[in-house]
Amino acid sequence: MSYQGVLGRIRQDSKQKIMAAWSLYGKGYIDRAEFMRLSEGVLGMAGASAAAAADMAVAVELTHMNGTLAASKGVTAERKRKTYLDSLATVLDGDGDVIMKLERLSLNAPLEAAQTAYSDAIAVSDASGWVRQLDPDPCQLCRWWWREGRVWPISHPMPTHSGCECVAMPVKTDYTPRPAVY
């Protein structure tokens, strides 16, 4: 299974678990504090799993790039976890469709953790740059950011937006861009 496939499963599992906890809260089986603890744990585990998948995906890309086995870099999603309780409180205390907001949070939190870990792993790799690898259905903004396969310096962070599944593919300086497949 591809990295994006694994990440998709992690995201869907996160959504399913958060919505199950929300159902328990809505039925009165757990209180708000317990919902928050359960949900933070789900988001933390999903973020850690997504970060590990990203770290391994970078190792695979580096192995292909160099022709020798590359080890994972050991990056984590710890700095993302600190915001989960704040995000959950914002959703619960805000106006609007709580279910839609919880679904979005449960899908985007692991994605953001993966993006951070992926970028962190590339930053400590032996790559000289990166190119934007578009997700299977890229939006107009991502196609613009792709810039016809431009090679970006390793120090330049890849821009993303909420729900973006694009990844930064590590490359060497002699890289020739591949045409985009839409």
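Which residue does Arg-11 form a salt bridge with, and how far apart are the closest N and O atoms? I looked it up: the partner is Glu-165, and the closest N and O atoms sit 2.7 Å apart.

Ground rules for my notes. This is a predicted model, where local features need pLDDT of at least 70, side-chain atom pairs count only at pLDDT 80 or more, and totals for chains, interfaces and linings use all residues. Residues are numbered from 1 along each chain as its sequence is written, and side-chain values use heavy atoms, with hydrogens and water left out.

I searched the whole structure for salt bridges (a side-chain nitrogen of Lys or Arg within 4 Å of a carboxyl oxygen of Asp or Glu) and got four.

Back to Arg-11 and Glu-165. This salt bridge links distant parts of the chain, 154 residues apart: Arg-11 is in helix 1 (residues 3–26), and Glu-165 is in the loop between strand 2 (152–153) and strand 3 (167–171). Helices (H or I, at least four residues) and strands (E, at least two) are DSSP runs, numbered from the N terminus. I also checked accessibility: Arg-11 is buried at 10%, while Glu-165 is partly exposed at 27%. Buried means under 20% relative accessible area, exposed over 50%, partly exposed in between (1.4 Å probe, protein chains only).

Next, Asp-13 with Lys-17: a salt bridge at 3.1 Å, N to O. Both lie in helix 1, four residues apart, about one turn of the helix.

Last one I noted: Arg-32 with Asp-93, at 2.9 Å between the closest N and O atoms. That pair joins helix 2 (residues 32–66) to helix 4 (residues 84–93), 61 residues apart. Arg-32 is partly exposed at 30%, and Asp-93 is exposed at 54%.
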